[in-house]
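Here's a quick tour of some surface and charge features in this structure. Have the viewer open while you read.

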Amino acid sequence: MTAPPPPVPPLSRRALLGAGAGLALAGLAPGGTWAEAGPRRGGRIRVAGIASSTADTLDPAKGGLSTDYTRHYMAYGGLTEYGPGLVPMPALAEALDTSDQTLWRLALRRGVRFHDGTPFGAADVVYSLLRHKDPATASKVRPLAEQFAEVRATGPHEVMVRLAGPNADLPAILAQSHFLVVKDGTKDFSAGIGTGPYRIKSFRPGVGTTVVRNDEYWKPGKPYLDEIELIAIPDEVSRVNALLSGDVQLVMAVNPRSVGRIKASPGHAVLETRSSLYTNLIMRQDGLLPTGNPDFVLAMKHLLDRDLIRRALFRNYATVANDHPIPPWHPYFRDDLPQRAFDPEKARFHLRRAGLEGLRLPIYASPAAEGSVDMASVLQEHAAQVGLRLAVNRMPSDGYWSSHWMKHPLTFGNTNPRPTADLVFSLFYKSDAPWNESAWKDERFDRLLVEARGEADPARRKELYGEMQGLVHAGCGVGIPVFITLIDGHDRRLGGLRPVALGGFMGYAFAEHVWWGA
Amino acid sequence: MAGTADMAAGTGGAATALRLVLKRLGAGLVTMLLVSAVVFTVSSLLPGDAAQETLGQSATPEAVAALRQQYGLDRPAPERYLRWLGGLAAGDPGRSLVANMPVAEVIAGRLPNSLLLAGLTAAVSVPLALLVGILSAMRQDSRLDRGLNIATLAMVALPEFLVATLAVLAFSVELRLLPSIAMVKAGAGWGETLRSLAMPVMTLSVVVVAQMARMTRAAVIAQLGQPYVEMARLKGLGPARVVFAHVLPNAVGPIVNAMALSLSYLLGGAIIVETIFNYPGLASLMVNAVASRDMPLLQACAMVFCGAYLLLVLAADVVAILANPRIRQG
Amino acid sequence: MTDAAAPLARTGAPLAWARSLPLTGKLGLALVLLWLAVAALGPALAPHAVGAFVSPEVFARPGAAHWLGTDYLGRDVLSRLLSGARYTVGLALAAALLASGTGTALALLAAVGGRWLDEGLSRLMDTLISIPSKIFALVLVAAFGSSLPLLLLVAAVTYVPGAYRIARSMAVGLYQMDYVQVARARGEGRLYVARAEILPNMVGPLLADFGLRFVFIVLLLSGLSFLGLGVQPPDADLGSLVRENISGLPEGASAILAPALAIASLTVGANLLIDAVSGKGRR
């Protein structure tokens with residue numbers, strides 16, 4: 001029961017999934033991070049996320065903001081869910097079996113009912129998965145859903161999924177909020193009918209969501225709270241003030257500069273979550289741009305003052321990164337790759353070799369990409385000393401992703417944590433990936449990626465992902481200075497919080513795990 | 001024209017005011033048409049459209065195309081505008097693209113909040129501004145005048161967001177007297193509502209009082225220098241009597257105008273206060289609409305702000321005319 | 001002899017004028033002159049480059065090394081303040097002049113120019129004013145990117161209608177005055193009447209309005225910085241300096257107090273001066 005999580009996802013092995021299920025059911029986590037008093041039923045809390053707007057939705061496929069993901073995890077249940085270390089655990093699917101990572105059989109949990117009383121079954125799963133492929137759904141994960149070649153009910157509680165190619169990570173993919181299960185045939189999501197731990201009591205886009213406990217939730221004893229009100233306070237200072245004045249009990253995305261205030265308050269604490277979130281410098285490799293010159297790329301990577309960025313921008317709530325997207329605590333992290341350091345002399349050398357000294361380039365940053373404006377300022381300051389003149393263009397968040405990100409030779413991007421190495425590499429680094437930010441093309445990388453995806457042996461996978469990290473580190477037009485630590489602030493009476501590396505609020509899924517200890 | 005206006009003035013301010021109201025309704029329609037055209041033109045300069053902004057960072061060309069069709073964005077822009085205009089003329093402001101519900105419903109959820117905030121702020125700031133303005137004008141150049149002057153100046157000397165944040169730090173975090181976020185709950189009593197709106201109202205009042213008080217003072221002082229005031233004084237009238245019976249009616253034009261301007265700020269200009277106190281009003285709805293390129297919603301917000309402004313200035317002009325029929329307002 | 005005396009008299013005149021101001025006026029003048037000087041010379045006086053990371057300590061207290069402490073990234077607050085003042089002073093001054101000048105000119109035209117001109121101008125101003133300024137600014141900056149001319153334009157356009165309405169209501173009132181009607185009856189041209197009979201009688205309130213308009217433009221610019229618009233980094237106007245250091249507010253960091261005091265002294269100073277001057281004009 002209390003065994004530490006396996007170092008690599010158990011994926012398709014029924015036995016390990018079963019063990020994980022016991023862990024989740026007991027509501028206990030290894031490491032003793034649960035509050036001393038233990039779970040307790042009842043209570044009402046108010047929680048503040050970062051942003052909400054009229055685009056707020058109860059359709060899991062359309063979820064675009066962290067507040068959406070949080071709301072969806074309250075109302076809906078998933079086939080799988082993330083356990084400690086992002087290991088996928090069974091949820092509505094009791095088991096996921098495969099022998100070739102292509103053909104998967106899902107055995108569904110029986111006796112689960114939607115909030116309106118309808119029994120949950122195979123048809124709901126088929127509908128929930130296939131709707132992402134329909135352009136009219138406007139699903140955010142449509143590129144991922146394209147690999148569902150066939151999804152078919154093989155019994156009232158059994159579903160067969162045939163993938164277009166082998167993918168050992170399917171259980172991890174299905175735990176994302178977008179793949180939460182909705183009722184067969186649902187077109188209007190305003191009522192939020194799911195199998196999740198809470199029922200929607202009221203939902204007003206751009207204002208707030210109130211949910212009440214689902215007494216029929218299939219996990220015994222859960223959830224604990226009577227009611228949760230989810231709002232969003234976009235201004236960080238206001239958000240922390242709301243926490244400290246007792247108006248909300250849990251807030252997301254605390255600025256490192258506010259941590260001191262929260263820690264100084266006797267009734268409050270912070271929850272640190274080391275994650276693979278990063279804000280990265282993008283140097284476009286296509287066309288005849290100076291940023292496509294390999295020496296320019298190396299010069300810029302050597303100009304990133306990672307220590308200063310970690311210390312000044314993030315007050316040490318960050319981990320130095322090595323220009324590839326896999327963080328040091330990841331099971332597939334390659335530890336023999338030398339850490340690239342801030343080195344103006346090397347930068348000058350590469351710049352000279354590229355013949356680009358005295359070059360003047362605009363660099364685009366935006367509050368939309370966390371910390372990028374300050375990173376651009378740091379870069380500008382250091383670049384000036386080696387004869388590279390960068391003009392910082394701070395763009396408003398509004399329209400940044402559609403009009404500036406990846407559209408200029410030098411821009412900044414921001415990549416949220418992904419549950420698997422395959423996902424982040426497939427979405428952001430593969431030659432034909434939709435968000436291959438720097439338009440980097442490497443055939444060997446692409447081949448390794450497909451091979452690793454279908455590989456079931458963890459040791460071999462680690463080797464393959466290790467080589468890919470080396471390729472990105474050396475050649476890709478992306479500079480990753482640090483991984484940003486996520487910080488939530490909470491009332492000390494709120495029990496059951498623990499970090500989940502996917503995002504704040506326990507990977508947005510805190511609602512079913514926390515209790516009010518007052 | 002001049003002759004008829006003079007005749008109307010002769011029959012009294014009420015008749016002039018009535019004619020003015022009728023004329024203004026016509027002019028107001030022209031203004032609203034102009035506003036919608038400006039909003040449409042300027043917003044069509046914005047990069048991206050509702051489909052792209054909805055999908056955000058995860059937009060792919062196929063997904064955008066599909067959503068565009070769903071939103072009706074595949075039609076040419078002028079056609080969409082005319083269609084919207086036609087709908088509005090028929091009393092239907094259309095559907096919000098992003099929220100996927102009638103615009104009227106979305107607005108109805110926010111407008112009462114904005115009106116409440118603006119109304120409370122006006123109730124606090126207008127009497128205060130009049131008091132400060134008239135008092136300092138009557139005691140011109142006295143110590144009181146200078147003190148009030150510096151006090152009103154100091155009130156606008158700090159950025160709004162700083163004032164609001166300071167207020168939260170003092171009254172919510174330290175003293176725990178007032179809630180840091182202004183949540184208006186359905187069914188909440190007046191006491192609770194007032195308490196949760198106290199700081200937003202205070203912040204907004206700080207912003208608008210100075211302008212109104214100073215214009216009041218300037219307008220009153222300008223009249224105090226006129227010969228008819230000398231005459232009234234010579235007749236032996238007390239200073240208060242002179243101000244209220246003779247000066248104010250003549251000074252009322254600029255005063256109510258300044259007030260109309262300041263008060264119209266309370267709806268659309270409350271964006272910072274709405275953001276800091278997390279108050280669901282119309283200004284943040286409009287910013288939402290801009291960010292999500294939700295044209296029907298954006299237009300509707302613009303229409304509401306424009307209508308409110310027009311009503312305020314109309315009221316100001318009516319008051320000015322009723323107080324002083326000699327003025328013919330255009 | 002006379003040629004040599006003339007400049008002397010000219011240099012003597014402002015001094016005498018300054019001496020004749022009331023105490024508050026003198027204070028206002030001093031503050032305004034101080035800020036004009038900072039705007040002109042500030043960048044040259046700054047001990048550090050505006051974007052230089054000079055200290056590992058953030059929100060440091062004022063000390064010998066950094067007279068006004070360090071900001072949220074460990075940059076020198078004094079240097080950033082000295083370099084940033086010119087944006088606030090320059091932009092706000094230019095925008096206020098543009099707004100008040102344009103507004104007053106249009107108002108005079110409307111008052112004397114006949115019904116249709118008045119009607120047309122009034123509709124145009126109503127249109128401009130009824131679009132919330134900060135949201136208008138958000139849209140323009142999203143469409144065209146943030147630049148100094150754009151900020152100037154936004155600020156001016158935002159405040160022209162206000163200046164126009166206040167000036168027009170005074171001008172229309174004055175136009176009804178007997179002495180103006182007498183001048184019209186004398187056969188004076190409309191523009192002459194506007195310039196010689198109406199304008200001089202509006203100067204006092206207009207100056208008071210200009211002073212507040214300047215304040216509001218300074219505050220609009222800092223409000224825009226709250227919404228993420230403004231001068232491009234590493235430079236920052238005074239409002240942006242307050243905004244970017246807001247997390248230092250609870251600890252009372254000098255990085256936020258200094259620019260806040262700067263804004264306050266600039267706006268209060270400008271208004272005290274304007275008050276004194278418009279008061280003198282009336283007497």
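C:Leu36 counts as partly exposed because its relative accessibility is 38%; buried means under 20% relative accessible area, exposed over 50%, and partly exposed in between, with a 1.4 Å probe and protein chains only. You'll find C:Leu36 in helix H2 of chain C. Helices here are DSSP runs of H or I with at least four residues, strands are runs of E with at least two, and both are numbered from the N terminus.

Helix H2 (23–45) and helix H3 (77–112) of chain C each give two or more residues to the nonpolar patch.

A note on the model: it's predicted, so local features need pLDDT of at least 70 and side-chain atom pairs count only at pLDDT 80 or more, while totals for chains, interfaces and linings use all residues. Residues are numbered from 1 along each chain as its sequence is written, chains are lettered from A and ligands numbered from 1 in the order in which they are written, and side-chain values use heavy atoms, leaving out hydrogens and water.

On to the charges. Over all chains, the structure holds 54 salt bridges, each being a Lys or Arg side-chain nitrogen within 4 Å of a carboxyl oxygen of Asp or Glu. Here are some of them:

| Pair | N to O distance |
|---|---|
| A:Arg109 and A:Glu94 | 3.8 Å |
| A:Arg213 and A:Asp226 | 3.0 Å |
| B:Glu160 and C:Lys134 | 3.8 Å |

How exposed are the partners in chain A? A:Arg109 is buried at 16%, whereas A:Glu94 is partly exposed at 40%. Likewise, A:Arg213 is buried at 17% and A:Asp226 is partly exposed at 34%. A:Arg213 sits in strand S9 (residues 208–213) and A:Asp226 in the loop between S9 and strand S10 (227–232), so this pair ties together parts 13 residues apart in sequence.

B:Glu160 is in helix H8 (residues 160–174) of chain B and C:Lys134 in helix H5 (residues 133–144) of chain C, so their bridge joins two chains. B:Glu160 is buried at 10%, and C:Lys134 is buried at 5%. There's also a network of salt bridges with shared partners, made up of B:Arg24, B:Asp317, C:Glu119, C:Arg123, C:Asp126 and C:Arg165.
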